[in-house]
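Open the model in your viewer and keep the selection tool at hand. Each stop below says what to pick next and what is there.

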Amino acid sequence: MPNNNGFLNEEELVYSINNQRFFNLNDNLQNFIKFLFPEIKKRGKLHAERVDDFVKPDILITYNYKKAYVSVKSGSSRTLHEENIYTFLTFLRGCGITNHTEKMLLLFIYGDGTIDGSGENRVGYQELYKKYKKHFDEANIEMNSAYSFVKRVVERAMFLGTNEDNVEANYIYYGDVFNGVIVSKYQIMKFIRSRLKKWSIFESPHAGPIVFKAAARYLNKPVLNPVRRKNIGLIWPHLKEDLEYISKNVPHFDIEVDTWENPKYKKENSSSR
């Protein structure tokens, strides 16, 4: 379930777009919609609705049977995705990750010197990096040597989620009704591919711009939520700034979106977001 501020922002976007004609929208929303549907007419009528809480797109916008699935970001939160470390490792194994990197990620998430969270002394990232620097560096080289690997991690974090049968987001919108930036998946992937070495400055485990973190390591306190203790979070540290750069500098080419009902979008879908 999204946080309340994010939920309200999505509701306001839907309310401001749904059943409105293009010329009635404010300047920001006209730019937003024109990006999604360049062919829209002045009196073109739009439909908007929220999508399930368990898939990556937050809102679905339709014009003349053409659909755009949009993931909405706002505020200061940098977390794109969170899931159980073991389901994430299963996914990474399918991407070709080695046992060495898998073990390193477990040491990183638990932070207690074990790969199962059974240790008593949990430490922060800086102490972990000092102790396991060689292993962290080797894992980062492995996870960033191939664009195909980074692409799959980014898709999971931003566009698709944990279930490959889920409906996929076509676009990322960062903002609200009055101000925002819209970019396509195509632009983001082109940006990442052209700058793959840029993120080598990150010491934390990462795949391209997506940095891994422990969802809840509980330093110097009791474990309040054992489920989150086993979760990994995926963040993009400078998401807003990078999206603004992408929107201005990476060409946008129309993304083909469904013209009828997207068969992957099912209200009963309950896969993890």
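**Stop 1: a buried loop tyrosine**

Select Tyr218. At 13% relative accessibility, Tyr218 counts as buried, because the limit for buried is under 20%. Keep in mind throughout that this is a predicted model. Tyr218 sits in the loop between β8 (210-214) and α8 (226-229). Check its backbone: phi is near 55°, a positive value in a residue other than glycine.

**Stop 2: an exposed loop asparagine**

Go to Asn64. Asn64 is not a glycine, yet its phi is positive, about 50°. Look for Asn64 in the loop between β2 and β3 (66-73). Is Asn64 buried or exposed? Its relative accessibility is 58%, so Asn64 counts as exposed.

**Stop 3**

Now pick Pro57, in the loop between β1 (47-50) and β2 (59-63). Pro57 has 0% relative accessibility and therefore counts as buried. Pro57 and Leu92 are 23 Å apart in space and 35 residues apart in sequence.

**Stop 3: the aromatic cluster**

Select Phe108, Tyr125, Tyr129, Tyr132 and Phe136 together; these residues form one aromatic cluster. In the model the count of aromatic pairs comes to 13. Zoom in on Tyr125 and Phe136. Their ring centres are 6.2 Å apart and their planes lie at 25°, so this pair is stacked. Tyr125 and Phe136 are both buried.

Tyr132 and Phe136 are four residues apart in α5, so about one helical turn separates them. An α-helix has 3.6 residues a turn, so residues three or four places apart point the same way. Colour by accessibility next. Tyr132 is buried, with a relative accessible area of 12%. Phe136 is buried with a relative accessible area of 1%.

**Stop 4: charges over rings**

Arg217 lies over the face of Phe108, at 5.3 Å from the ring centre. Then jump to Phe159 and Lys185. Here the charged end of Lys185 sits over the ring of Phe159, 5.6 Å from its centre.

**Stop 5**

**Stop 6: the α7–α9 crossing**

Hide everything except α7 (residues 185-194) and α9 (residues 239-249). Their axes come within 10 Å and cross at roughly 100°. The two helices are therefore roughly perpendicular to each other. Which residues make the contact? From α7, show Gln187, Ile188 and Phe191. From α9, show Asp242, Leu243, Tyr245, Ile246 and Ser247. Colour this contact by residue type: five of its residues are nonpolar, two are polar and one is charged.

How values were computed. Residues numbered from 1 in each chain as written. Predicted model: local features only at pLDDT ≥ 70, side-chain atom pairs only at ≥ 80, totals over all residues. Heavy atoms only, no water. Axes fitted to C-alpha atoms, helices over the stretch in contact; angles between N-to-C directions. Parallel < 35°, antiparallel > 145°, perpendicular 65-115°, else oblique. Contact = heavy atoms within 4.5 Å. Nonpolar A, V, L, I, M, F, W, Y, C, P; charged D, E, K, R; others polar. Buried < 20%, exposed > 50% of the residue type's maximum accessible area, 1.4 Å probe, protein only. Phe/Tyr/Trp six-rings, centres within 6.5 Å; stacked < 30°, edge-to-face > 60°. Lys NZ or Arg CZ within 6 Å of the ring centre and 35° of its normal.
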